[in-house]
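I opened this notebook page to record a few look-ups. The sequence and structure come first, and my entries follow.

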Amino acid sequence: MKPVGHYLQFSDLNHEEYRHIFERAKVLKRRHSEKQLYQPLLGRVMSMIFEKNSTRTRVSFEAGMAQLGGHAMFLDTKTSQLGRGEPIEDTARVLSRMSDIIMIRTFEQSLVERLAAHSKVPVINGLTNEYHPCQILADIFTFIEHRGSIKGKTVAWIGDGNNVCRTWLQAAKILGFKLKVATPVGYELTVLDGEHYGPEHFEPTHSAVKAVEGADLVTTDVFTSMGYEAESAARLEAFASYQVNAELMKHAKPDALFMHCLPAHRGEEVTAEVIDGPQSVVWDEAENRMHAQKALIEYLLLGHQYD
Ligand code: CP
Ligand code: NVA
């Protein structure tokens, strides 16, 4: 019996486990495209807790569980007892007696950790203020599909030093690539938990041009993440010169890919020309949330026991 393993941040799995999950994601994606039934999770249930909005995360987990033969149910703060103050520890105890796996999207990472500490089943982080591991799982799977191994490559992050950016940095260390991060002053990426990243993995700057020089992948995100809406006017001003546009893309490698976790704001963090242009792989990236997460769920619930 595999011990309960949670996926609360990207650093919860190692290089070898990622190699396995990316290989399985490829197999599951092919099977899905060939309309082959593969239902190892018949009768298994995922509880999904959403304290923030979502389109991709909800649909990819719900569709993925159905395709694997299981079921996913949606809970939010408004209609569950979480919104009336039931402690997360009690919620964890109850949900893990009725479901096989739990996914949560919330504000503080510490809440996800408390949930996991009181859950008898695996817990997956579907985004917190601090991290978005499922996104980077899909993004790296997408990079591998288009360009092969990400080891030794250069990824440029432009904009906010946020949850998605911080997860890219964890991935850089585990999978052996360099992350160059360009942020305005005051919005730099802060490294948590005393983690250390050497210059071979992390190059912070305030120059967007410097960050994209030599990049194999250019990526960005909204200027204002969920939960920070009160700062949006100040952020629009601070991030004005951190837009990914055709001029900026010229400084990256000629075959550099463009990614965005979505939702996007054309005309703010990225121009329509770039996100809808030939270097953009954002639709593959969104679809791959489902394939990569199916492989993740399979690994957390079945380990290496699958067909
Ligand atoms: N990228 C992402 O997590 O999208 P949603 O907010 O729509 O789930
Ligand atoms: N950084 C964004 C990602 C949305 C998928 C947010 O947290 O709102």
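Which residues are around ligand 2? I found L127, N162, N163, V164, D221, V222, S225, M226 and C261, a residue being near a molecule if its C-beta atom, placed from the backbone, lies within 6 Å of it. By class, I noted 5 nonpolar, 3 polar and 1 charged residues in this shell; Ala, Val, Leu, Ile, Met, Phe, Trp, Tyr, Cys and Pro count as nonpolar, Asp, Glu, Lys and Arg as charged, and the others, Gly among them, as polar.

I recorded the basis of the entries: this is a predicted model, in which local features need pLDDT of at least 70, side-chain atom pairs count only at pLDDT 80 or more, and totals for chains, interfaces and linings use all residues. Residues are numbered from 1 along each chain as its sequence is written, while chains are lettered from A and ligands numbered from 1 in the order in which they are written.

Next I looked up a helix pair. Helix α5 (residues 133-147) packs against helix α6 (residues 163-175) at about 55 degrees, with the axes 9 Å apart; helices are DSSP runs of H or I, at least four residues, numbered from the N terminus. In the contact (C-beta atoms within 7 Å), P133, Q135, I136 and I140 of α5 meet V164, T167, W168, A171 and L175 of α6. This contact has 7 nonpolar, 2 polar and no charged residues.

Last, I checked S207, which is in the loop between β7 (202-205) and α7 (208-212). S207 counts as exposed because it has 12 C-beta neighbours inside 10 Å, the cut-off being 12 or fewer.

Conventions
Helix = DSSP H or I, 4+ residues; strand = E, 2+ residues; numbered from the N terminus. Buried ≥ 20, exposed ≤ 12 C-beta atoms within 10 Å, placed from the backbone. Axes fitted to C-alpha atoms, helices over the stretch in contact; angles between N-to-C directions. Contact = placed C-beta atoms within 7 Å.
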